[in-house]
Amino acid sequence: MKKSVFLGALTVAGIAAGAAAAGTLDDVKARGTLNCGVTTGLVGFAAPDANGEWEGFDVGVCRAVAAAVLGDGSAVEFVPTTGKTRFTALASGEIDMLARNTTWTFSRDVDLKFEFTGINYYDGQGFIVPKALGVSSAKELSGATICIQTGTTTELNLADYFRANNMDYEPVPIETNAEGQQQYLAGACDVYTTDRSGLAATRAAFENPGDHVILPETISKEPLGPLVRHGDNEWGDVVRWTLNALIAAEEYGVTSANIADMASAPGDKPEVNRLLGTEGNLGEMLGLDADWAVRAISVGGNYGELFEKNIGENTPIGLSRGLNAQWTDGGLLYSPPFR
Amino acid sequence: MTTLSDPPRESFRLSMLINDTRYRSYTFQFIALLAVIALFAYLGSNLMQNLRDAGLNISYEFLGEPSGYDINQTLIEYDSRSSHWRASVAGILNTLLVAFLGCITATVLGVVVGVLRLSKNWLVRKLMAGYVEAFRNVPVLIWIIIIFTVMTAVLPAPSAFRGDDPARTMFLDAVAFTNRGVYVPKPVWLEGSGIVVGVFIASVIGMFAYRRYATKLLYDTGKLLPMGWPSLVILIVPTLLIFFILGRPIALDYPALKGFNFQGGIQIRGSLIALWFALAIYTGAFIAENVRAGILAVSKGQTEAAASLGLRPGRIMNLVILPQALRVIIPPVISQYLNLTKNSSLAIAVGYMDITGTLGGITLNQTGRAIETVLLLMLFYLAISLAISGVMNVYNNSVKLKER
């Protein structure tokens, strides 16, 4: 009985995966909404606001893709996923794309058969500790109890870092960021570790953010980006170039404020013209119409605007651009040319 | 209407498979069997086809590769260089540990509550009914989370024990209750401790031998030897003597606050305590109902007959009622044990690293081998459940009514 139910479930999942593998772009257009996997709630990146509207940096990417494909940035069905459920949700076709601070790694790309469509945030793993603990470096953490989200790359980085530095620790696995926050604040663990951006976002939600300090060490590279299923290159291209359009828009000075102006008639910058569809037929090549990038950028602004609005220095999360500045400003953001 | 001779013996014809009631049921059973086989073959081939289409294959090679993650509570040697297989074994042992502790506690709790629910004392009876109804009717996951959250929120962090004038002090200077778990002293086995343990085991055997001898003497001659205090003396005195003669070879390692945490002693983690207690009180409520049903199944005449022989209520329960009730109680209790073991897979809710947390959680995530690990998990839970019910059935056979 049990076995048959299980096999049945597997088969259903298998059929769903098989069906979804063919033409996600057409599926999304036919459905009229984009199913986008996000976190269960990480302020600044993806969290529902007081009215239940999802907002955040990752949410912005979802909305941009929905606007590019469907012409409506609100035509997104947000599917909250945990560190454990996200890949199954994507592989089974439950979601069309995953924008959930997911680290681009070799095995996820190659072995799990996913396709990372770019990097929207260059991150690294850090530690947060209460100031009262008097710790100023991660090297002093030997013997500490550390809360960590299970099913993430942070778990492996942590093991590697402590082994390399010949220190021991006690991991306390937790399922969601909210749970980790609760355990950390109750003192059930001395340290909470996740990506630095996540730490900043978590600290912003504390009652007294000033009582906690993020240690200077960054123990890993965490390039976070949206991903889609392997083998559907048309859909992968749509997501990849939507992200690139947001990044390129910032580079070329296209913002949500001036985009209507710039898109109304061809300007004197050919690359901007091609991006905004006033010249050439890039949209058509992508299987969309000419205005795709205009809509993607209008819905939440360009990359820089999304950053400033959701996680920038003037928000409670207060992240500086750092590595996430444009290459022209000494950062790592570098969109391939639109031609 | 007169004599009936045997009908002429017909030779078998194909139509008889449908028309003849002797064969008809076989025909339908055969068809049904074929349909079931075909269904499974279809599902299986569909699964394999879809996996092939997705470019995935079933492979268990990942079990031999280094796991790369740490586990906080392991009963075997384990670090992040150990293989995924070893991580699974560590998880299995953690599952078995909590299942074992849970089953024992649930049984004790269940028997006590089940008996007390039939008490003549109104207050006790109602209190026990309240316990059973409250715990039986709320999902066990909720209980696990409640106990864990309460422990985390109510108990102090280890830092409360720090300083010259700490906010909290250790209970009896030996046990520390913190929101990371309970730290208790650990016995340290020094030279000669083996002898003490040996003497203790011998004392236990000696005690049972004495009791058996006393019972035999009672039945044979009617001479009543005292049972209580000699048993206690046999159990304790020789062990204590040898312990002090050898110069206290068993010492205690007390937990002490060093660095971030308590060091030394044994740490019983909050996650284990929460899971263990929640499973025990939840399953205990069900077992209490099984016990009550078993006792009520023994006819009242048995109690009255025993009372008329002059037995006291306690002895009636122990000697007359429970032995008969056990036959009714044990089969449903077996399934409660199985439920408890399977419910322990909710461990991840509080971060207890059982098999579902290691193999079915982190390993599954890091390798992405969902189907393989889930199949392995099913196999494990199946094996452990069959083993438990096997052992319990042996016990059941030993107490069930012997028909002569």
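In chain A, 18 residues of domain 1 are in contact with 16 residues of domain 2, two residues being in contact if their C-beta atoms, placed from the backbone, lie within 7 Å. On the side of domain 1 of chain A that touches domain 2 of chain A, the residues divide into 8 nonpolar, 9 polar and 1 charged; here Ala, Val, Leu, Ile, Met, Phe, Trp, Tyr, Cys and Pro count as nonpolar, Asp, Glu, Lys and Arg as charged, and the others, Gly among them, as polar.

This is a predicted model, in which local features need pLDDT of at least 70 and side-chain atom pairs count only at pLDDT 80 or more, while totals for chains, interfaces and linings use all residues. Residues are numbered from 1 along each chain as its sequence is written, and chains are lettered from A and ligands numbered from 1 in the order in which they are written.

Domain 1 of chain A takes in 22-122 + 224-329, and domain 2 takes in 125-220, with bounds that come from an automatic or database domain assignment. The centres of these two domains of chain A, taken over C-alpha atoms, are separated by 29 Å.

Chain A as a whole contains 14 helices and 14 strands, where helices (H or I, at least four residues) and strands (E, at least two) are DSSP runs numbered from the N terminus. Its radius of gyration is 21 Å, close to the 20 Å that the globule rule gives for 339 residues, so chain A is as compact as a globular protein of that length; the radius is taken over C-alpha atoms, and the rule is 2.2 Å times the number of residues to the power 0.38. Of the 339 residues in chain A, 50% are buried, meaning that 20 or more other C-beta atoms lie within 10 Å of the residue's own, whereas 12 or fewer make a residue exposed and values in between make it partly exposed, with C-beta atoms placed from the backbone. Among contacts in chain A between residues at least 6 apart in sequence, 73% join residues at least 24 apart.

An open sheet of 5 strands in chain A has the order β10-β9-β11-β8-β12, with mixed pairing; two strands pair if DSSP finds at least two bridges between them. Its edge strands are β10 (170-174) and β12 (212-214) of chain A, each of which pairs on one side only. Strand β8 (residues 125-130) of chain A runs antiparallel to β12(A), and 3 bridges join them; Ile128(A) has Ile214(A) in β12(A) as its bridge partner.

Two helices of chain A lie across strands, as listed below; axes are lines fitted to C-alpha atoms, for helices over the stretch in contact, and angles run from 0 to 180 degrees between N-to-C directions.

| Helix of chain A | Strands of chain A | Angle to β9(A) |
|---|---|---|
| α6 (residues 153-164) | β8, β9 (145-149), β10 and β11 (191-195) | about 150° |
| α7 (residues 177-185) | β9, β10 and β11 | about 165° |

Between the chains, 36 residues of chain A are in contact with 35 residues of chain B. The elements giving two or more residues to this side of chain A are α1 (2-21), α4 (86-91), α6 and β10 of chain A, and the largest share, 9 residues, comes from α1(A). The side of chain A that touches chain B divides into 16 nonpolar, 12 polar and 8 charged residues.

In chain B, Gly64(B) is found in the loop between α2 (21-53) and α3 (84-116). Gly64(B) is exposed, with 10 other C-beta atoms within 10 Å, and, leaving aside its neighbours within four places in sequence, Gly64(B) is in contact with Ser83(B) and Trp85(B).
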